[in-house]
Amino acid sequence: AISINNGGTNSWDVHLGQDNLVIENGMQYEVSFDAYASSPRTIYALVGMNSDPWTVYHDAQNFSLTTEKQRFTYSFTMTNLTDHLARFGFDAGGTTVDVYLDNVRLVEKESSSVDPVNRSVICETFELYQNYPNPFNLTTTIGYHLDVSGRVIIKVFDLNGREITTLVDMEKPFGNHEVVFNGSDLSSGVYLYKIYIGARVITRKLMLLK
């Protein structure tokens, strides 16, 4: 619930959202949510940059709310460079009419356009586990699980999206697997590691403390 005592002048003067999300170039995303208001009004949904120039990664998404709960959905393809610190949320300023939200989802959809290499097998189900230890000093172990065999790629990136290294790039059988990442040549900080299987990607953060 967004209880608004002072709505300000602009829609962005009241914002409810989440930041530090990874929105990847070429991927398709779907946003869905239930919403209503204490009286009819408009809210604005967005996925975009969390810093100047505050770029929004899709066409304007304005939704007219009534006092009855409704389901809203929109989709977009990320055409900008991958953003590892993106934000997702709702602008609800410009009025003091309260807003109520439920079942809010931002879902990554499959897209063949992000497949950077030829991958012959797509795993229907897989998991990338949190590295351990985390934070770590010099080395850490990354685990993952495959329900069926397939080609696996695991890469490490910095927060600017620059690739640090490729840890895995080969066919793997079904089951649990582990790979060790050595960060001895890197500076302390937060990094990202990603597993690619077919057109699907999972991203997690790791922290190096020296």
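I take two strands as paired if DSSP finds at least two bridges between them, and I take strands as DSSP runs of E with at least two residues, numbered from the N terminus. The model I opened is predicted, so I kept to its limits: local features need pLDDT of at least 70, side-chain atom pairs count only at pLDDT 80 or more, and totals for chains, interfaces and linings use all residues. Residues are numbered from 1 along each chain as its sequence is written, and side-chain values use heavy atoms, with hydrogens and water left out.

**Entry 1, the open sheet.** I looked up how strand 3 meets strand 6, and found that residues 41-48 and residues 83-91 pair in the antiparallel sense over 5 bridges. Within this pairing I noted Asp-91 of strand 6 as the bridge partner of Tyr-44. Both strands belong to an open sheet of 4 strands, in the order 1-6-3-4 with antiparallel pairing. Strand 1 (15-23) and strand 4 (61-65) stand at the edges with a single partner strand each, so one side of each is left without a neighbour in the sheet.

I then turned to nonpolar cores, meaning sets of buried Ala, Val, Leu, Ile, Met, Phe, Trp, Tyr and Cys residues joined through side-chain atoms within 4.5 Å, where buried is under 20% relative accessible area, exposed is over 50% and partly exposed lies in between, with a 1.4 Å probe and protein chains only. The largest core has 28 residues, and among those with the most contacts inside it are Phe-33, Ile-43 and Phe-63. Strand 2 gives the most to this core, with 5 residues. I checked Phe-33 for contacts (heavy atoms within 4.5 Å), and, leaving aside residues up to four places away in sequence, its partners include Ile-43, Phe-63, Phe-90 and Asn-103. A second, separate core of 19 residues includes Leu-146, Val-152, Ile-195 and Ile-197.

Strand 9 is joined to strand 12 (residues 175-182) by 8 bridges in the antiparallel sense, with His-177 as the bridge partner of Tyr-144.

The peptide bond between Asp-52 and Pro-53 is cis, with omega about 15°, and Pro-53 sits in the loop between strand 3 and strand 4. Trp-54 is placed in the loop between strand 3 and strand 4, has a positive phi of about 60° although it is not a glycine, and is partly exposed at 44% relative accessible area.
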